[in-house]
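Here are a few notes to go with your look at this model.

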Amino acid sequence: MAAATNLTAMWFDHPLRVGTAIGLWALLASTGAGAGAMRGDVEASDAAAVQLIGRAERGTEVWRVTWPGVGWRTAFSGSGVGVTTQDTIGYAVTIDGLRMNPIPPSQDRQTTWYRGLATGHHIIEVVRMRATPRAPGLFFGFSKDSDGHWLALPPKPSRQIEFIADSGSTGYGDLSATVDCTNDEVAARSDASQSYPIVAAHQLHADWQLNAMDGIGLVRNWHGIWKGTSYASYATLTLQSDSASLFQDSDWHPQAAVVRIGGNDFGSPLGADEPWTAAQLEAQFTESYRNLLTGLRARLGPNGLIIVIQPGPEDNPANQKVAKIVDSLRSAGDQQLYEMQFPKLALTACDYHPNLSDHRLMAATLVKFIEDHGGGKLH
């Protein structure tokens, strides 16, 4: 039996709330279904129509999930909606683009209710706040209140963006007011839903995959942790914890990929027990990064936009290596491959990671870059 948490609807100030709400309802309007017409779209079954954003494994009545920033979306009419989870990670929730109280982590199955909503039609979006690479969390879906009805969702956004990254893009510690954080504090203060990839995707009215891991490197992880693994160990998986769960989705055809990985490869000194010399690490990194970009080009096609963002910080040797690889591929003819840099960031969140203001600045910078480089064609 699921425990029930009853959260009266509460809205928090959020810089994107008006724009996001307009964007969500614009999607409804684009289908030609106004408020009156939508009453005819009520589904007869008791199950909500759910759109998945990102990678999760669908079971009979549950999704298993390990990646950060995975989202679920549904539409309903009524004054309340419930969300059932069993996950050591919390979930961010927006209703009609307005940020609500988050769903807390729980070892047990729980249903969190949002009641006191205005009469009418609503869209709820739920986003997982962190990753759990070793063990999946469970998302069971949505429940309607006694006065509720499920509504047919509009088509998913035609824009799709894939992010390949490390902790600088996952929302690691972004809620923190201090750089010094314990492991428990990092867990409690991280929110992928407010990371720049998801903020930018919302502004671009796009669905996303946030294929990112804290501490991961393209070849070598931070301080050589998780020996024998790298980003490639998980890149093709639906569940990072299951090597047999190869990701397959015939509807996933991103028109843009954003790459910000490599900082961990060179961000800490090589240990005596690691299998590289400095020269070997550099050679393997260069080969792997080049293969990553050429593989993305093959998957996205000749017109797909690939944006490489310097891993940072400024003195990280990966920045210069990445710049040389991008210049080489552009010189060889790939004119839809670009490198961009973020403005100077405060980096006052946990362990000197981007804070919420940094993520908003990064999102705005990325959105402008995409719009300036053919964003209108990303459909």
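Predicted model: local features only at pLDDT ≥ 70, side-chain atom pairs only at ≥ 80, totals over all residues.

1. Tryptophan 226 sits in the loop that links strand E14 (206-212) to strand E15 (256-260). Although it is not a glycine, its phi is positive, at about 50 degrees.

2. Tyrosine 352 also deserves a look: this residue is not a glycine, yet has a positive phi of about 65 degrees. You will find tyrosine 352 in the loop between strand E17 (337-340) and helix H8 (356-372). With a relative accessible area of 57%, tyrosine 352 is exposed.

3. The largest nonpolar core is made up of 50 residues, and Phe142, Tyr289 and Leu293 have the most contacts inside it. Helix H6 (residues 278-300) is the biggest contributor to this core, giving seven residues. Apart from this core lies another one of 32 residues, including Ile53, Val258, Leu305 and Ile307.

4. Leaving aside residues up to four places away in sequence, tyrosine 289 touches Leu218, Val259, Ile261, Val308, Val322 and Ile325.

5. Finally, do check the peptide bond between glycine 312 and proline 313: it is cis, with omega about -10 degrees. Proline 313 belongs to the loop between strand E16 (305-309) and helix H7 (317-331).

Notes
Residues numbered from 1 in each chain as written. Heavy atoms only, no water. Core = buried A, V, L, I, M, F, W, Y, C linked by side-chain atoms within 4.5 Å. Buried < 20%, exposed > 50% of the residue type's maximum accessible area, 1.4 Å probe, protein only. Helix = DSSP H or I, 4+ residues; strand = E, 2+ residues; numbered from the N terminus. Contact = heavy atoms within 4.5 Å.
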